[in-house]
Structures are given as C-alpha cells and as structure tokens.
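Biologist: Could you help me read the aromatic rings in a model? I would like the general idea, then some cases.

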Amino acid sequence: MVSTTVNHAWVDQGTVNPAEANVEIDVSVSVDKTLQEIEGLGSCFNELGWTSLSELSDADRESIMQELFAPGVGANFTICRMPVAANDFSREWYSYNETDGDFAMANFSNDNDRETLIPFIKSAQKYQPDLAIWASPCVRHRG
Amino acid sequence: MKHNKHYASASSLRMAEMAATFAEQQKKEGNENAGTMGGFFSNIMNPKYQNDLPLDREGKEGTDMFIQEDRYLQAYATYFSKFIDAYRIEGIDIFGVMPQNEFNSAQVFPSCCWTAAGLANFIGKYLGPAMQEQGVEVIFGTMERRTVPPTYGSQSPYANMGETKNHGIDAELKWNSKIGQHFNYFVKVNLSLSESRIIEKDDPPATPIQQQDEGKPIGWQSGLISTGLYQTWNAVYNSTISSYSSNLIPGSLSYVDYNGDGIIDVFDMVPIADPSYATKTYAFSLGFNWKGFGVHAMFNGMFDISKYISDLYLFEYTGHHPLGFQLLNNEQLDAWTPTNTDGEHPALHLSSNNHDKQRSTYNVRSSAFLRLKTLEVKYKIGKRLQDKIGLFESFEVYVNGNNLATWSDLPDEFDPEQSQLEVYPITKRYNLGLRVSF
C-alpha cells in the first residue's frame with residue numbers, strides 16, 4: 001500500500017494482508033455460478049485526463065498508459081468510453097458544430113478533440129490496438 | 001453566427017428546447033443576437049447560469065428538453081454520424097453510442113432530459129437507422145435512479161424524498177385517594193404507543209418484497225432466520241451451502257434458505273425484528289404516605305423493540321480496541337460441544353467465523369423490559385417532636401435507589417434501555433440522605 005498525505009507523497013506502507021472480514025458482507029460473489037460474461041473493463045477518456053497526463057514527462061506518461069492499457073501489465077483496460085463533445089471533465093463547454101441553422105451539419109468539426117481526446121485515445125491504442133470505444137453525450141456538471 | 005464559444009450550446013443540440021427559452025428571454029432582455037432558431041447553435045449559455053441556473057430553467061425529469069421536431073432530431077442523428085466519420089478518419093473506430101448519458105437526470109445546470117417516448121422516437125426513427133448505416137451499436141445507456149442499486153458503485157446525492165407516516169397515542173391515568181385520616185395513596189399509569197410506515201421509497205427494481213423498505217416500519221431490521229444449531233455432521237452435510245463459510249461444523253448456526261436458491265446469502269435476509277428504537281413505552285408509579293412515613297416507586301418499560309448484540313460481545317476472537325472495555329459473555333460458557341448439545345452459544349472456534357456472525361434472529365433479540373426505576377422510602381419526623389426540638393422547620397430521612405431491578409430477555413450484562421447495547425453496564429445507585437430545612 002502506498003499513501004499520500006499533504007506532506008508526504010507516495011509513502012510505501014508495506015504489504016497489507018487481507019484479513020478475514022468480521023463485519024457483515026456487502027457483496028458475495030458466487031464463483032461457481034456464472035451468470036454473465038464480463039466483456040472487459042475500462043474507463044472514460046476525458047479532456048482533463050489528458051491535460052493532466054500532459055503535465056508529466058513523456059516517460060512517466062508512457063509508463064502510466066502502459067500500465068492502464070498494455071495487455072498483462074496492469075489494469076488491462078479493453079473497453080472505454082468517451083464523451084460526444086463537452087462533458088463534466090472537459091476543458092470548456094463545446095460542441096462539434098457551433099453554426100446557427102446548420103441542420104445538414106456541413107460545418108461539423110472535431111478539431112477541438114485533436115488537442116485532447118484524439119491524442120489520448122491514440123496513446124492508449126498504442127498499447128491496446130483492439131481497444132473498444134463507445135461514446136455518449138453528457139452534461140457538464142458543476143466544476 | 002458564432003458567439004462566445006466558452007458558453008456555447010453545451011455539447012450539442014441537446015439543449016435546443018432550453019435554448020428556445022433562453023433566446024426568448026434574451027430577446028426580452030434586448031439581446032438582438034439571440035438566434036431565431038431558438039439558440040440552436042447560439043449563445044444560450046450565459047456564464048452566470050453555468051452554476052446557478054434559475055429554478056424555472058432547470059430541467060425536469062419526465063420531460064423532453066430536446067425539441068421534438070423532425071428536422072432537429074434528424075440533425076442530431078446526422079451529428080452522431082459525422083462524429084463517427086470524423087473519428088474513423090483519425091483511425092478510431094467507435095463501436096457504439098449512447099443517445100444521452102442518464103437521460104432522466106435533471107440537474108441544476110444545463111442538462112438534457114428525455115422522456116422514454118421521446119427517446120424511443122429518436123432512436124427508432126433517427127439515431128437507430130443512422131447508426132445501422134454506420135455499423136455502430138446503439139446502447140440504451142445509463143439511467144439515473146433517485147436511489148441507486150449497489151451495482152451503481154457509488155452513492156446517489158442526498159435529497160429529501162420518499163414519504164413516511166407516524167402515528168400513535170398517549171394515555172395517562174391517575175388515581176389519588178385516602179383511606180381513613182392518615183393514609184394517602186396514589187397510582188399513576190401512562191402508556192405511549194406509536195407506529196411508523198415507509199409509504200413511498202424508490203426501492204431498486206427487482207428488490208424482493210421482503211427486502212424492500214416501502215411498506216415496512218422505519219428502522220425495520222433485516223437478517224437471516226436462524227433455526228438453531230446443527231447437531232450432527234449428517235445435519236451439516238445435508239445443510240444448505242453458506243456463502244459465509246465453507247467450514248461449517250456441528251454447532252454452527254443453521255439458517256433458512258428463504259428464497260430457496262440453494263445458498264445462504266444476503267438474499268435470504270428478511271424482516272426479523274422490531275425497530276431498535278422505542279415505539280411502545282409505559283410507566284407506572286405508585287406510592288403512599290402514612291403519617292410521616294412515605295414510600296414511592298416508579299417502574300418503566302418498553303415492548304416491541306429489538307436490538308443487535310454486537311460481535312464483540314457475542315463471539316470469541318473478535319477484534320477489539322485494547323483500551324475499550326468488554327462485557328463478559330456468560331453465554332459462551334454454555335457453548336455447543338458434542339457433549340453439551342443443548343448449548344445456547346454456537347460451537348466455539350479458534351478464529352473469527354463469519355457464518356455465525358451474520359445478522360440473524362440469533363444476534364438481533366428482543367430488548368423488551370420492565371424496570372424498577374426508582375424506589376424511595378422516607379420518614380418525616382412528627383410535628384410534635386419537631387416543635388419540641390424547635391430547631392428545624394422540617395426534617396426528613398430518606399433512602400432511595402435507581403435501577404434496582406430489570407426484567408428482560410437480554411443477558412443481564414446489558415442495559416436494555418440504552419440505544420446501543422455495547423455500553424457500560426447498568427449502574428444501580430443507592431442514596432441515603434436527609435432533607436432538612438430551618
């Protein structure tokens with residue numbers, strides 16, 4: 001276990017051994033009763049995720065991406081989500097078309113994402129080429 | 001026409017209907033820039049609304065906040081298609097889209113609620129066909145419930161919702177009388193009965209009725225039904241598997257597989273006990289005076305109340321804070337053994353065992369009680385004696401005691417009147433005193 005406090009960052013606290021629970025159990029997993037196959041695990045690509053990762057050195061960022069996405073290394077993420085334009089973790093409000101009256105979407109552009117979401121996803125694909133991605137519009141919540 | 005991009009129309013066209021309202025408002029306020037398209041792509045997001053959206057402009061669950069007109073819906077589907085295309089060009093294949101994150105979720109900031117019908121129309125006529133053409137799945141997505149099932153993985157924000165009902169009666173009877181000239185006596189009885197019900201609660205769907213809060217009293221207690229202790233290995237081998245332990249032995253608690261699914265687990269928990277707070281209380285006082293001599297007693301009690309006896313008290317090898325105190329469990333002296341088969345306590349283990357510790361009829365017990373709360377005997381010296389001494393205006397000797405006797409089904413170590421049982425035991429108190437005035 002590693003702990004971080006205001007004054008001491010990344011302090012290794014040694015190994016924590018699991019103990020027998022002596023409280024009421026919240027969740028029981030019946031390992032012998034298969035109900036639904038889990039297709040994969042993942043997270044969400046957000047603009048603010050990438051701006052934070054961009055603060056790091058290239059080497060550090062790459063090692064994080066590797067730990068998240070490279071098969072057999074760390075989290076093994078294979079299915080991820082992304083927002084359709086702004087969500088609660090975007091830099092600003094934005095959409096892919098700000099042109100009034102453009103019902104045909106002639107002025108559609110995802111240029112905004114070229115600074116954030118696209119390099120983020122590309123970087124993940126480097127470690128997991130079969131990464132599955134789904135997308136959803138969100139609302140932007142209070143920041 | 002392009003306006004302040006920072007606050008432009010959120011993440012797409014979704015806010016069109018709201019935009020219309022804003023545009024109207026802006027026009028009223030003399031903002032000629034408001035688009036005739038109802039702010040479709042215009043500056044609908046005044047920065048001041050970003051965090052403090054006026055109440056009348058907040059979204060509402062059960063409404064369509066997206067304009068339900070053909071050209072808007074079509075434009076939105078096209079928007080999704082263009083999004084898929086644009087990402088495909090980047091070498092990023094999107095396998096599925098969701099029409100709206102938490103489509104029923106209204107926020108205090110611009111959100112986009114859909115009704116089920118609105119969403120069905122949009123998916124069926126517009127988004128579905130557009131995505132089929134793209135070879136992209138439509139995922140119905142996530143729905144936010146006001147309360148959330150455990151699978152949600154997080155807690156929903158607190159809100160004042162649901163409905164409960166309380167009602168009750170109080171009654172008090174008093175009787176004062178005299179026998180002869182010197183014997184006064186009184187009896188006073190009071191009784192308070194109350195009951196509560198959770199009238200409305202958004203229990204997660206698929207919650208079996210025995211586990212729903214709705215319809216049950218506030219603070220109802222859930223747990224497994226215990227039918228006693230396994231007496232033989234035969235009984236253990238023939239028992240239902242326990243999700244809490246694979247090491248059952250004779251002397252382990254036997255639980256009822258309430259839902260009959262072949263495993264003892266949380267789904268077998270049912271209402272097992274009354275709430276742990278007082279709903280039914282009573283008290284009675286009685287006393288008499290005879291010349292200078294007086295006796296006064298007060299009893300109180302509760303019924304239809306149950307409390308959980310903590311693991312710390314009940315079971316061996318339970319983690320304990322070294323500075324805390326622990327009540328001695330005398331039931332453990334009567335634990336099940338092969339030779340003490342009517343033992344009250346489950347068989348003792350060398351390590352903590354999870355099976356016996358589940359909340360059940362074994363450790364949630366009735367804490368109904370009757371207590372002799374106070375008793376006082378006093379003597380006031382006679383007037384003539386007082387006059388003779390001529391020193392005091394009154395002189396009284398008394399002996400009284402608190403908590404002199406308690407009758408309850410709980411182990412004697414506990415004070416059944418405490419809201420939690422694991423506290424310092426009952427203290428009895430005796431006073432001997434004088435009341436003198438000059």
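Modeller: Let us go through ring pairs and then charges over rings. This is a predicted model, where local features need pLDDT of at least 70, side-chain atom pairs count only at pLDDT 80 or more, and totals for chains, interfaces and linings use all residues. Residues are numbered from 1 along each chain as its sequence is written, chains are lettered from A and ligands numbered from 1 in the order in which they are written, and side-chain values use heavy atoms, without hydrogens and water.

Biologist: What describes a pair of aromatic rings?

Modeller: The distance of the centres and the angle of the planes. Rings of Phe, Tyr and Trp (its six-membered ring) pair if their centres lie within 6.5 Å; planes under 30 degrees apart are stacked, over 60 edge-to-face, and the rest tilted. By this rule there are 27 aromatic pairs over all chains. One of them, A:F45 with A:F120, is edge-to-face, at 4.9 Å centre to centre and 80 degrees between the planes.

Biologist: Where do A:F45 and A:F120 lie?

Modeller: A:F45 is in the loop between β2 (11–12) and α1 (47–53) of chain A, and A:F120 is in helix α3 (residues 117–127) of chain A, so the pair ties together parts 75 residues apart in sequence. Helices (H or I, at least four residues) and strands (E, at least two) are DSSP runs, numbered from the N terminus.

Biologist: Are A:F45 and A:F120 buried or exposed?

Modeller: Both A:F45 and A:F120 are buried, meaning under 20% relative accessible area, with exposed over 50% and partly exposed in between (1.4 Å probe, protein chains only).

Biologist: Which charged end sits over the ring of B:Y308?

Modeller: That of B:R359, 3.8 Å from the ring centre. The rule asks for NZ of Lys or CZ of Arg within 6 Å of the ring centre and within 35 degrees of the ring normal.
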